[in-house]
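Dear colleague,

Please find below the structure for your attention. My notes on what was found in it follow directly after.

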Amino acid sequence: MKKRLFFLSVMTAVVGMALVCAPVYAVDTVKIGVVGPRTGDAAATGKAFEEGIQLATAYVNAKGGILGKPLEIVFEDTAGAPDKAASGFERLVTRDKVAMVLGESHSSSALAEIEVANRLKVPFVVVEAWADPITAKNYRYVFRAGPSNSGVVKDTIAKWVVHEGFKKAYIVAENTDWGLGIAEISEAALKAAGVSYASLVTERKSQDHYMELAKIKEFDPDVVLAFIYGTGLHYFVAQAGEVGLTPKAVVLDGAGPPSLWPDFWTNVGDYGNLECFVSSMHKQVELTPLATQYREAYVKAFGQAPTDYKSRSIYDAILIAADAVNRAGATDAEKVVDALESTALLVTRGTARFGTEKGGPEYHQWMPPMLVIQWQNKEQVVLYPPEGATGKLKR
Amino acid sequence: MLALSITNGLVIGIIYALTALGVSLVVGIMNVINFAHGEFYILAGYFSYLFAHTMGLDPVVAMVLSIAAVFLIGIVVEYTLIRPTYGDDLYSLILTFILSIVMQSTFLLVFGPFPNKPPNWVKGATNVFGLFLYGNQRLAALIAGAAVIALFFAMLKLTWFGRMIRATSQDREMAELNGINTRRLNMLSFGMGCALAAAAGVILSPVFPVTPSAGVPVALTAFVCVVLGGMGSMWGCVAGGLVLGLVENLGAAFVSTGYKHVFMYLILILVLLIRPSGLFGRSET
């Protein structure tokens, strides 16, 4: 009996050791890189990207993966700094051997990354970096499946300003590639529309906007186009209320997500009421069945409805990438670029199609439709476009 | 515009001064440059948010508890991390730099990337002399900041502990010969330096909510105040803070809002060109 017990123990130990020490065979996957800020001032975007990645990976893998292999996303933190962004991008290509790269939400970082993409000849689909030069440089390997400054201003913001009958507008822009770029395009659009305007630049990291607000108040505008990203937007909205600029003037958050962050109301208090913002997501304006499917999957995974639309933007980009590689039949960069150029894929924001005519920012650009939404008693009311409106502007 | 920029300059300047006093105290007593100073400011903001929001404590109680907690953490940091580096300024510099990064990462992990704001003590805005509307919370911050600075100077001038601080910052060896336990004083001074950052943090976080990386500019401005006012001079810190606050706001009002922080460095360069030891600093010779 003792011998048998001893034998059994030894066998169990041997089998156990064999299992533990067995060579681990890595699962063969198709790797796609994502770049975005997981730390720094815009770390909230990194969180939104992580959520979108989780849902998109599950979706793609449930549909058979890419080229019959599971999709694996490698997420590189850029901290919102162009130098880190460029080196992070290069690491994804050289160390992780990704087939292509997606993401980014800082224009300055994206402008550094596209140079690396172009040099290393790696397809790069920008998601939420809006500066026009990103696609206007007409690099073969660079695409954008998301808003561009000129697209947002011409298709949405300027038309909304005219639609609401605003006569005087004030443009406040942070001193970044995105802020300065979108301010310049807005000035031209307002001028063309015959709207009187003035503008000023504020520092990206500025917390105190009292001086800016005093100048704006002197101009007495109907609408303030605030191109300020991150917590700075919260400061701006709260302080605009304190100095009495709002509610007489309407503030439009020209980026969107900061008005949807969980602590928006804690930070701005009642001054957040009647604030307007740009967004590509609203539960009553879902353009495709996939948008509804996405919202349901999000609620299931995270226990609440999605707020930051950037989670859905990266979701779409991953689906576009998976579709392109599958159609290319290989991860070869040239074939993937060709496949991306012929993309016609229904995603959550409509049918993704990239422009192929060279010469301007429309090259390799897919501009999804954007909405102007207003907070009315903590409810999101879509104001623009009229065909998607769920209510009217309140002042 | 002029009246508003002066008022706002004073409010921002007082907070700058309060933050800089902590840096100056630690530099003066211990000759340690605490790179994590801004993170203690942020930590206090988070504590204040936690105590007031999560635990439902009165905002004033939450503030006092937050300052006390940061003071204790400061003491622990001095005892465990800074003390072994005495005698080598570079080690403490590197160590506090690493501490700053670790604290930022911890904030991100624990509190997430979104801004956190403790409740306002007062709401609304006041029409100041019929000239402009000014946030009541900012006015309250001005009063609270000035009160903390006054208390700190009273402690320095009127108490035995303050006398020990002054004596040690003037001549460490002589202070030791007169029986002052400088090791214990180091510990308390570091804790107090952190508590001053914490005081600024709890006063200002209802106006400017805290985020994991918001401590970096806070520390940078505090260092500029200290250098501008003169290393080791407490009054210099106050003057430096007020000068910076006023220059920033007047510059934004009458030159450009896009270069607010550039004015800060311009004035620093100008002052150092004329008075290399700062506004109130003593020259080496």
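Helices here are DSSP runs of type H or I with at least four residues, numbered from the N terminus. Please note that this is a predicted model.

In that numbering, helix 9 of chain B is followed by Gly230(B), whose phi is positive, near 110°. Helix 9 of chain B is mostly covered, with 11 of its 15 residues buried; among them are Val218(B), Phe223(B), Cys225(B) and Leu228(B). The buried residues of this helix pack against helix 1 (2-30), helix 2 (37-54), helix 10 (234-254) and helix 11 (260-274) of chain B.

Turning to the interface, 35 residues of chain A are in contact with 33 residues of chain B. The two chains bury about 2800 Å² between them, 58% of it on carbon and sulfur atoms. In chain A, the most area is lost to chain B by Glu203(A), Tyr210(A) and Met211(A), together 23% of what that side buries.

The rule finds three salt bridges across the interface of chain A and chain B. Arg138(B) forms a salt bridge with Glu242(A), with the closest N and O atoms 3.9 Å apart. Polar contacts between chain A and chain B amount to 13 residue pairs. Of the side of chain A that touches chain B, helix 8 of chain A supplies the largest share, seven residues. By class, that side has 12 nonpolar, 12 polar and 11 charged residues.

With kind regards

Notes. Residues are numbered from 1 along each chain as its sequence is written. Chains are lettered from A and ligands numbered from 1 in the order in which they are written. This is a predicted model: local features need pLDDT of at least 70, side-chain atom pairs count only at pLDDT 80 or more; totals for chains, interfaces and linings use all residues. Side-chain values use heavy atoms; hydrogens and water are left out. Contact means heavy atoms within 4.5 Å. Buried area is the accessible area (1.4 Å probe) that two parts lose on being put together, summed over both. A salt bridge is a side-chain nitrogen of Lys or Arg within 4 Å of a carboxyl oxygen of Asp or Glu. A polar contact is a pair of N or O atoms within 3.5 Å; within protein, one must be able to donate a hydrogen and the other to accept it, and residues adjacent in sequence count only if both atoms are side-chain atoms. Helices (H or I, at least four residues) and strands (E, at least two) are DSSP runs, numbered from the N terminus. Ala, Val, Leu, Ile, Met, Phe, Trp, Tyr, Cys and Pro count as nonpolar, Asp, Glu, Lys and Arg as charged, and the others, Gly among them, as polar. Buried means under 20% relative accessible area, exposed over 50%, partly exposed in between (1.4 Å probe, protein chains only).
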